[in-house]
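Please read this briefing with the sequence and the 3D view side by side, and find each residue as it is named.

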Amino acid sequence: MRKILIPTDFSENSMNAIKYATELFKYEQSEIYLLHAFSDSVYEDKARLADAVFEELQQKALQKAQGNLEETRKQIFGFSPNPKHTIHTIAEFGLLVDSVNDWVEKENIDVVVMGTKGETADKKITFGSNTLQVIKYVKCPVLAIPAVYGDVHPKNLLFPTDYQLPYKRRELKLVSSIAKCFVSKMDFLYVSKFPSLTLRQQDNKKFLEASFCDNQINFHQVSGTNVTKAINTFIIENPIDMLVMVNTRHSYLENILYQSTIEKIGLKIDIPFLVLQNLPR
């Protein structure tokens, strides 16, 4: 049973992420949790409010969120009447990152799916603040979907790696099952100025080979030190449909995420982006 959590702000972008998720996991028995955390909308009123007035605002926001979630559920049944999918709705007064983290733990969620941007949809940025916060702090794989991305058949997956990490089986199994469902080809990309691998790297590469034994895999090595340029070039030169990376301590991706903005590093991501967290679950 696949457990999928989809935060939604009822924007076009979040609906696009929902459509992508229902299509991507259409072959799997899945529990889908639609989550709307609404504390921000209540706190928008900067005036000092009496407790009774605040509670009334909170109750109204809850009722509105529940109505919107129910409407979203009906829309899902309209475009994806999949008997393999069970849809749950959650309206919660809280901060998005905290709510997502709590439900990931509570329901043992396999993957969080959300749009790269929310309501604001600023064209100048790759990720909205909420998406970036979830990727950085939620202890679960996160699949971020660009606003206009419609092709939900990932035939080619790119997985940049330095072979330094002892990967988690559960997270690799998620990637492998996606690739298997769509008969996808997986390209592993290693960027280094050193031609040979250390013993640790060789062991981790063998672990990857074993974890993806049911998939079509290719290993590529590019000479150099500019990982960002190598990834961007590979995506431009090859028909890549999904980028997979690992966010862990001292990793390349962590260095990107803890910049003030991801744009500073220059990684251009206009395809679905699956971030593994490399954490035991």
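**A loop residue**

Asp151 is partly exposed, since its relative accessible area is 41%, where partly exposed lies between buried (under 20% relative accessible area) and exposed (over 50%), computed with a 1.4 Å probe and protein chains only. The model is a predicted one, in which local features need pLDDT of at least 70 and side-chain atom pairs count only at pLDDT 80 or more, while totals for chains, interfaces and linings use all residues. Residues are numbered from 1 along each chain as its sequence is written, and side-chain values use heavy atoms, with hydrogens and water left out.

- Asp151 sits in the loop between strand 5 (142-145) and strand 6 (156-160), where strands (E, at least two residues) and helices (H or I, at least four) are DSSP runs numbered from the N terminus.
- Although Asp151 and Leu24 are 127 residues apart along the chain, their C-alpha atoms are separated by 9.9 Å.

**The chain as a whole**

- The secondary structure of the chain comes to nine helices and 10 strands, and 51% of its 281 residues count as buried.
- Among the contacts in the chain with a separation of 6 or more, 84% are between residues 24 or more positions apart, with contact meaning heavy atoms within 4.5 Å.
- The chain exposes about 14,200 Å², and carbon and sulfur atoms supply 50% of that area; accessible areas come from the Shrake-Rupley method with a 1.4 Å probe, and for residues only the protein chains shown count as cover.

- Thr72 belongs to helix 3 (residues 51-79) and counts as buried because its relative accessibility is 5%.
- Leaving aside residues up to four places away in sequence, Thr72 touches Phe10, Met15, Ile18 and Leu34.
- Val244 lies in strand 9 (residues 242-246) and is buried, with a relative accessible area of 0%.
- When residues up to four places away in sequence are not counted, Val244 touches Leu157, Leu158, Phe159, Pro160, Val175, Leu274 and Leu276.
- Val244 and Pro272 are 28 residues apart in sequence, and their C-alpha atoms are 8.6 Å apart in space.

**Helix 4 with helix 5**

- The axes of helix 4 (residues 96-107) and helix 5 come within 9 Å and cross at roughly 40 degrees; axes are lines fitted to C-alpha atoms, for helices over the stretch in contact, and angles run from 0 to 180 degrees between N-to-C directions.
- Helix 4 and helix 5 are therefore oblique to each other, a word for angles that are not roughly parallel (under 35 degrees), roughly antiparallel (over 145) or roughly perpendicular (65 to 115).
- The contact is made by Leu96, Val97, Val100 and Asn101 of helix 4 and by Asn130, Gln133, Val134 and Tyr137 of helix 5.
- Tyr137, found in helix 5 (residues 129-137), is partly exposed, with a relative accessible area of 38%.
- Tyr137 and Asp98 are 39 residues apart in sequence, yet 9.1 Å apart in space from C-alpha to C-alpha.

**Helix 6 with helix 7**

- The axes of helix 6 (residues 169-181) and helix 7 (residues 199-211) come within 10 Å and cross at roughly 50 degrees, which means that helix 6 is oblique to helix 7.
- Arg169, Leu172 and Ser176 of helix 6 make the contact with Phe207, Leu208 and Ser211 of helix 7.
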